[in-house]
Number of protein chains: 2
Amino acid sequence: MKKVGVAILGLGVVGGGTYQTLVEHREFYLKTQNVDINVEAVLDKALDRLMQLGVPEEKIAKSIDEIVTNPNVNIVIETIGGIGVAKAFVTAALSAGKTVVTSNKEMICKYSHELEKLAKKNRCGLYYEASCVGGVPIIRTLLDGVQANRIQSMMGIVNGTTNYILTKMAYEGADYAEVLKEAQKLGYAEANPTADVDGYDSMYKLSILSSMAFHTKIPYTKIFREGISAVNGKDIAYGKELGYTLKLLAIGKNTDKGVEVRVHPTFIPTSHPLASVNDSFNAVYMVGDALGDVMLYGRGAGALPTASAVVSDVIYAATHSDIKYSTFKNTENADKSVKFISDFSSAYYLRLSVDDTAGVLAKISGVFGKCGISLIEVSQIAHKNKTFRVEDPNRVPLVIVTHKTTENRINNAVARINALGIGEVRSLIRVEQ
Amino acid sequence: MKKVGVAILGLGVVGGGTYQTLVEHREFYLKTQNVDINVEAVLDKALDRLMQLGVPEEKIAKSIDEIVTNPNVNIVIETIGGIGVAKAFVTAALSAGKTVVTSNKEMICKYSHELEKLAKKNRCGLYYEASCVGGVPIIRTLLDGVQANRIQSMMGIVNGTTNYILTKMAYEGADYAEVLKEAQKLGYAEANPTADVDGYDSMYKLSILSSMAFHTKIPYTKIFREGISAVNGKDIAYGKELGYTLKLLAIGKNTDKGVEVRVHPTFIPTSHPLASVNDSFNAVYMVGDALGDVMLYGRGAGALPTASAVVSDVIYAATHSDIKYSTFKNTENADKSVKFISDFSSAYYLRLSVDDTAGVLAKISGVFGKCGISLIEVSQIAHKNKTFRVEDPNRVPLVIVTHKTTENRINNAVARINALGIGEVRSLIRVEQ
């Protein structure tokens, strides 16, 4: 039986859940993993929170120094979040030779190289399963479950807040602003929702996951990002009619031509396994060259689901002496000359509001023809389905779905259509199969 | 960079796929895993198959002795299947200190304790990710991804053949016998389909997976088993009408009262994530006490998906010096006095064929009442939906869904109803939420 001491920095939602999980499961881990994991110390300024969690007074550390100099602390858990203090504390812990387990996606996305270098130098580990998709073991899977494959693509619903909002909009026909307000009231969205709804959170996670999947560093600055704040309920309803479901997807593709990484609202066929991932559930769908399609589904956030990932990393670190530095492998062995594709290919859904006069359709189709874009579907959808309201009696909504084309081509077509003077493109949504 | 030599025993579907994967990805593993995996030797009597795979003549071993005495062979891959030769060869390899990677579910289900004891004695590893759910990394997940949790339950679609048959029956309204014949023609079902359709394959996998999930040996002899050969297309259609989808599920539950393990056709709500796992796809749905619901989905069979699991194990063994014996942990640390529940609780769907006369419903409801079983739904379903044919003008089909009760109670109720002389119970199908 092995004895391991841990310290927890930051006892908020995830840190508090981690403390509770470790305390409540101590006997269970002793029995099933042959390891005795003891919380030696915690660090948090909010003493009332520590009281509420029932942390014994003698375990409350006064400073990070007290923790990194404590010889009984083997593993430091960082659940503070953000860069400043979190990075300073993690740096101190690694410098003192303590293995670090963190749930901090922004820090790992931006500084994994620097931190892994430090970990390697000090012969300790750096684990971050909890940084992506909460309790779903996607990082362990990439490292040790599907590593026999060249991963060709990944598509993930990796943010619970936006998935909750889009699910509500789809099932209740509610407006974005209305659902966001409700989500904030329920604690599913922050008072300042930017990190979630504008796709930053998904972008950090995609950077981490695609770097591991494609064995090369994918900087977040290379990721095309578009959030959900401009999503219109009408498009969700029209899409449903055409057999599509709208999700905020984090997409990575590794093709012969280069790597393509993007976060944006995406229509997928309603029969796709990702289409039925609802509410705050998350999922990652990948294609490996041997394995084919594989999907992991589960809770992407929340105190206990995220604690599950933190503590699974702690147990892994406590029961394995080998450390596999994932990012390090990337820098040292990967092809440095990765080509990133910004003018990526996609199919597109467009909603236009156009004059209700003869010849309009011919003019619009003509623009697509001249831009070299083929169309799958052109539909005056509100005329087909009488439940859709038409707001302006002189205008009609027109929905178009294209075959695969490129960003440059579609943007060119949109500009030309808007210049015709017969209406305008109101929405442009990418479509994946 | 590490050099590792492997030998493959049995170059059939999975062994052949493994050979191809290792040869084709050798450079890729060198670059991404920093390990050079060389196929040193293969063993198979079918020389024409080896020629077809392009195995160089000098790599073809003449006997297992030649392989276990070869100092360049570090890892032996067993993809023969069954017990006899496979177990003898695996025993020889482990005895010689060679780490073994196997896809053999029957052997692992029946002899994992004996083989792990031997592996431990000889300080080598025994890996068997490929024995369950093909390329889906369910074993790695149980060992190193969700180990922070007490797993409370698992429900799996772990056999591709039966899922293909049930999907066809559901979508095409075809009969069992007809679909089985078609599946055999396409190579999805064996000439002797017993292992798949009678649930033996699912039973072996459930034994392995629930042993790992519940940290105690679950012998296959404790598993209640019922196959799909008696499934009637009518029940699939009636179930659909009631919002249920029929799947062959491998179910394990670990409750305060004991462990309950069973394989049988099961109705689940059509909105359940497992309900949309179609064709030969597999999935395992688990509930952990911290993590909540989690699902892994992917290809449960086939040459390359299964090779993905075999080769991922080979890479793991080649890049980690720590060996975690999963079954060993169970025997040494688990509670020896596990209680198995045979009289388990479930909700039930029953289809009866009864006389079309007044008072029949009252008599039948009376039996359920006397047996202490509450009903959720009683429906003369064929009267509600005119597309259902009624075969006997004097008889009507009656569909009943019960609340949770026990096996003993429901069997008692069925016997009493059949004794009434007013009709009989034609189908009894368990229902899970």
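I looked up the domain assignment of chain A and found domain 1 (2-134 + 306-333), domain 2 (138-299) and domain 3 (345-431), with bounds that come from an automatic or database domain assignment. I note that this is a predicted model, in which local features need pLDDT of at least 70 and side-chain atom pairs count only at pLDDT 80 or more, while totals for chains, interfaces and linings use all residues. Residues are numbered from 1 along each chain as its sequence is written, and chains are lettered from A and ligands numbered from 1 in the order in which they are written.

**Domain 2 against domain 3**

I then turned to domain 2 and domain 3 of chain A, whose C-alpha centres lie 26 Å apart. Their contact takes 12 residues from domain 2 and 12 residues from domain 3, where two residues are in contact if their C-beta atoms, placed from the backbone, lie within 7 Å. On the domain 2 side, the elements giving two or more residues are α12 (233-241) and β9 (258-269) of chain A; helices (H or I, at least four residues) and strands (E, at least two) are DSSP runs, numbered from the N terminus. The largest share of that side, 5 residues, comes from α12(A).

**Chain B on chain A**

The same surface serves both copies, since 100% of the contact residues of chain B recur in chain A.
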